[in-house]
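Please open the model in a viewer and keep the selection tool at hand.

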Amino acid sequence: MTRSPQARPELRKERRRLTAGEVAVMAVLAVLVLAVSFPVLYALLNSFRSYAEITKDPMGLPTGLGLDNYVRLFQTTDYGEALLNTLVITGGTLVLLLAIVPMAAWGIERLGGRSSRWIYLLFIAGLMIPFQVRMIPLVSSMNQVGLYSTLTSVILVHLGGAASFGILLYCSFIKGVPREVEEAAEVDGAGRLRTFWSIVFPMLLPVTSAFVIIQALSLWNDFFIPLVFLDASSAGTINVALSRMVGLLTSQWELIYTGAILAIVPSVVLFAAFQRYFIKGMSIGAVKG
Amino acid sequence: MTASTAERPAALAGGRARPAPDRRPARRMTRHRAVMLLFIAPALLVYTVMVIAPSIQSIQLSLTDWDGINPAYEYVGLANYRDILTSDRFWNATRNTLVLGLGSAVIVNAVALGVALMLDKLHHAQGFFRTIVYLPALVSGFIAATIWKYMLNFNFGAVNTVLRDLGFEGAAMDWLGDNEIVVGVLLFIICFTLGGNTTLIYLANLQSVPQDLVEAARIDGASRGQVFRYVTWPMLAGAVTVNMTLMMIAGWTIFDQVMVLTAGGPGFVSETMAFFIYKVGFGEYRAGYGSAAAIVLFIVVLATTVLANRYMRSREVQA
C-alpha cells in the first residue's frame with residue numbers, strides 16, 4: 001500500500017528546484033490547516049482568559065499566559081479524577097486487548113479447517129454491530145451483576161467492541177507469517193504458550209504498533225460508552241466530565257476551553273512520539289478495516 | 001479426542017499431510033487443535049458475552065414493552081416496529097442520519113482527495129506537510145463539537161461577534177436553535193476537517209499510480225484534466241470505495257456532535273438514529289421501543305455493508 005520514496009526515481013530528479021506551483025500548493029495547504037485548526041487555537045487562546053474577558057470581548061487576545069484556569073480546573077471540578085479514569089480505561093483496555101486478541105488470532109489461523117473459518121466470521125460480524133444495538137441489554141446486565149457505573153464495565157464493553165477489529169487486523173497479518181519458525185521452536189520443546197509469547201508475539205510487532213495506536217486514540221476520544229455506563233456516582237472520563245460542565249446552567253466557558261485543550265494534549269504527545277508508526281499504522285488499519 | 005474423530009484433523013490440515021502410518025501424528029493434531037481452541041477461548045468468551053449475547057437479547061427486548069427498570073414486562077409482538085415505522089420523529093431522525101452520514105462522507109472524501117492530490121504534487125517538504133495536514137485529525141469529534149458550541153453562542157460566540165464587528169448584524173443567527181438551519185450547521189461542523197486518515201489512504205494510493213502511465217498519457221497529448229480523469233481516477237477507484245464505505249458505516253451512528261451541540265433539539269429536529277435510540281431507551285424509559293429502533297439500525301448497517309462490499313467486488317473484477 002504505502003510505497004517508499006525510492007519507488008519513484010523521478011522524485012530525485014525534480015528535487016533540484018522549487019517551482020512556483022509547489023509554493024502555491026504549500027501556501028494553500030498551510031491556509032487550510034490554519035483554518036481547520038481555528039477552533040482549537042481559539043480554545044487555546046481563551047484558556048488563558050477569564051470568563052469576564054471572554055464574554056466581554058469574545059475575539060480578544062489573552063493579556064498574559066497565566067495558568068489560573070488550568071489550576072482552577074483541577075481544584076474546582078472533577079477533571080483530575082476524570083483524567084485518571086480515562087487513563088485507567090485506555091490503559092486497562094489496551095493491556096487486556098493485547099493479552100487476548102493476538103493469541104486468539106493466532107489460534108484461529110493455526111486451528112485451520114471449517115471451525116476456524118466460522119470463528120473468524122463470528123468475530124468479523126461484530127464490525128457490523130453498532131454499539132447502540134447492544135447498549136440497552138448491556139446496561140441492564142451490568143446493573144444486575146453490580147458493575148454498572150464502574151470503570152470495569154466500560155473496559156469490558158470496550159474489549160468486546162475492539163475484539164472484532166483486532167482479530168481482522170491480526171489474522172490478515174498472521175497469514176503472512178511462516179510456520180517454520182514456530183514449528184522449530186516446538187521441536188525444541190517449548191510449550192505452545194511460551195512459543196507464542198517468546199517467538200510469535202515479537203514477530204507481530206508491526207501490526208501490534210498499528211493496533212495499539214489506533215485503539216489508544218479511539219479509546220481516549222470515546223464519549224458514548226462512558227456516557228452510557230458511568231452515572232453521576234463516577235467522575236466519568238474527561239469527555240463525560242466536560243459534557244457535564246457544558247450541561248450546567250452556569251457553565252464556565254474558560255474552564256471548558258481549558259479542559260478541551262488538556263484532552264487533546266495526550267493525543268498530540270502520542271503523535272509526536274510515534275509519528276512514523278502513526279501514519280503507517282493509520283494507513284494499514286484504515287485499509288484493512 | 002476420541003478415536004472416531006482422530007482422522008478428521010489430519011484431513012483438515014489441508015495439503016500438509018505427512019506420511020503417517022500410525023495414529024500418533026493424528027492424535028498430535030487433535031491436541032494441537034485443543035490448545036488452539038484454548039488460545040481462542042478468552043477473546044471468544046469476552047466477545048460473546050459483550051457483543052453477541054446482548055445483540056440477541058436486543059431482538060428479544062424489541063418485542064416487549066419493557067421500560068428498562070421494572071423487571072416485569074410483557075411481549076407485544078411487532079407493535080414497537082409498527083410504531084417506529086409510522087413515527088414521524090423516527091423518519092426525521094433517519095433523514096438527518098442520511099443527510100449527515102452520506103453528506104459528510106461525500107464532502108470529507110472530496111476534501112481529502114483534493115488535499116491528497118496537493119500533497120502528491122509536493123516534491124519538497126512533503127513529509128512535513130503530510131504531518132501538519134494530519135494534526136487536526138487528532139482532535140476528536142466530541143472536543144471539536146464542544147468548542148464549536150461556544151463559538152456558535154448567540155450572544156458571546158466568536159462567530160456572531162465577528163459577523164457583528166464586520167457590520168453584518170442580520171447575519172448573526174441562533175445557529176443551533178433555528179429549526180431551518182440546525183442540521184446544516186451540524187453537517188458543516190462534522191465536515192470541518194482535512195480528512196486525516198482518509199487523506200492518508202488517498203495519498204498512499206496516488207503514490208502507487210505508475211508514473212510511466214501518466215507520462216505516456218502526457219506524451220500522447222492528454223491535458224492535466226484528462227490525465228486525472230482517465231489515468232489517476234480509475235486507479236483510485238478502490239480507495240474511493242473503501243473510504244466511502246468506511247465513512248458511510250461510521251455515518252449511520254453519528255452521535256457525539258448531536259449530543260453536545262443540540263441534544264437533538266430544538267424539539268426533535270436534529271435527532272439522528274443513534275441519538276434517537278439513546279434518548280428513547282434511557283431518557284424516556286422505553287427500552288423495548290429503543291431496542292426495536294436499534295434492530296432497525298442494525299439492519300440498515302448490515303444492508304449498507306453488504307451492498308458496498310458487493311459493489312466493491314464488482315469494481316475490483318473490472319479493474
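Predicted model: local features only at pLDDT ≥ 70, side-chain atom pairs only at ≥ 80, totals over all residues.

**First stop: around B:Ala144**

Next, show A:Pro39, B:Val139 and B:Ile189, the residues in contact with B:Ala144 once its neighbours within four places in sequence are left aside. For a distance, select B:Val111: B:Ala144 and B:Val111 are separated by 33 residues in sequence and by 18 Å in space, C-alpha to C-alpha.

**Second stop: chain B as a whole**

Select chain B and colour it by secondary structure. Chain B has 14 helices and 0 strands. Of the 319 residues in chain B, 39% are buried. Consider also the contacts in chain B between residues at least 6 apart in sequence: 66% of them join residues at least 24 apart.

Now apply the record. The unreviewed UniProt entry lists "transmembrane region" for residues 34-56, 98-119, 131-151, 181-206, 227-255 and 287-308 of chain B. Select residues 131-151 of chain B, a span that is 71% helix and 0% strand, with end C-alpha atoms 27 Å apart. Then move to residues 287-308 of chain B, where the chain is 100% helix and 0% strand and the end C-alpha atoms lie 31 Å apart.

From an unreviewed UniProt entry also comes "domain: ABC transmembrane type-1", at residues 94-308 of chain B. Over residues 94-308 of chain B the chain is 71% helix and 0% strand, and the end C-alpha atoms are 19 Å apart.

Turn to chain A. Here the unreviewed UniProt entry places "transmembrane region" at residues 21-45, 82-106, 118-139, 151-174, 195-217 and 255-274 of chain A. Select residues 151-174 of chain A: this span is 100% helix and 0% strand, and 32 Å separate its end C-alpha atoms. Residues 195-217 of chain A are 96% helix and 0% strand, with end C-alpha atoms 30 Å apart.

Which helix of chain A packs against helix α5 (residues 79-111) of chain A at an angle of about 150°? Select helix α13 of chain A, residues 238-247; its axis and that of α5(A) are 8 Å apart. Because the angle is over 145 degrees, α5(A) is roughly antiparallel to α13(A). To view the contact, show A:Tyr79, A:Ala82, A:Leu83 and A:Thr86 in α5(A) together with A:Ile238, A:Val240 and A:Ala241 in α13(A). By class, this contact has 6 nonpolar, 1 polar and no charged residues.

**Fifth stop: where the chains meet**

Display both chains and select the residues at their contact. Chain A contributes 79 residues and chain B contributes 81 residues. On the side of chain A that touches chain B, helix α2 (residues 20-46) of chain A supplies the largest share, 13 residues. By class, that side of chain A has 52 nonpolar, 18 polar and 9 charged residues.

Select A:Ala104, A:Ala260, B:Ala293 and B:Leu297, which touch the most other members among the 153 residues in the largest nonpolar core. The largest share of this core, 14 residues, is drawn from helix α8 (residues 151-174) of chain A. Centre the view on B:Leu297. Apart from its neighbours within four places in sequence, B:Leu297 is in contact with A:Pro130, A:Gln132, A:Val133, B:Trp252, B:Met273 and B:Ile277.

**Last stop: two loop residues**

Select A:Ser149, in the loop between α7 (131-144) and α8 of chain A. A:Ser149 is not a glycine, although its phi is positive, at about 65°. A:Ser149 is partly exposed, with 18 other C-beta atoms within 10 Å.

Finally, select B:Ala125, in the loop between α4 (88-121) and α5 (126-134) of chain B. The phi of B:Ala125, a residue other than glycine, is positive and near 55°. B:Ala125 has 13 other C-beta atoms within 10 Å and is partly exposed.

Notes: Residues numbered from 1 in each chain as written. Chains lettered and ligands numbered in written order. UniProt positions renumbered as here; feature names shortened; annotations may be inferred. Helix = DSSP H or I, 4+ residues; strand = E, 2+ residues; numbered from the N terminus. Axes fitted to C-alpha atoms, helices over the stretch in contact; angles between N-to-C directions. Parallel < 35°, antiparallel > 145°, perpendicular 65-115°, else oblique. Contact = placed C-beta atoms within 7 Å. Nonpolar A, V, L, I, M, F, W, Y, C, P; charged D, E, K, R; others polar. Core = buried A, V, L, I, M, F, W, Y, C linked by C-beta atoms within 7 Å. Buried ≥ 20, exposed ≤ 12 C-beta atoms within 10 Å, placed from the backbone.
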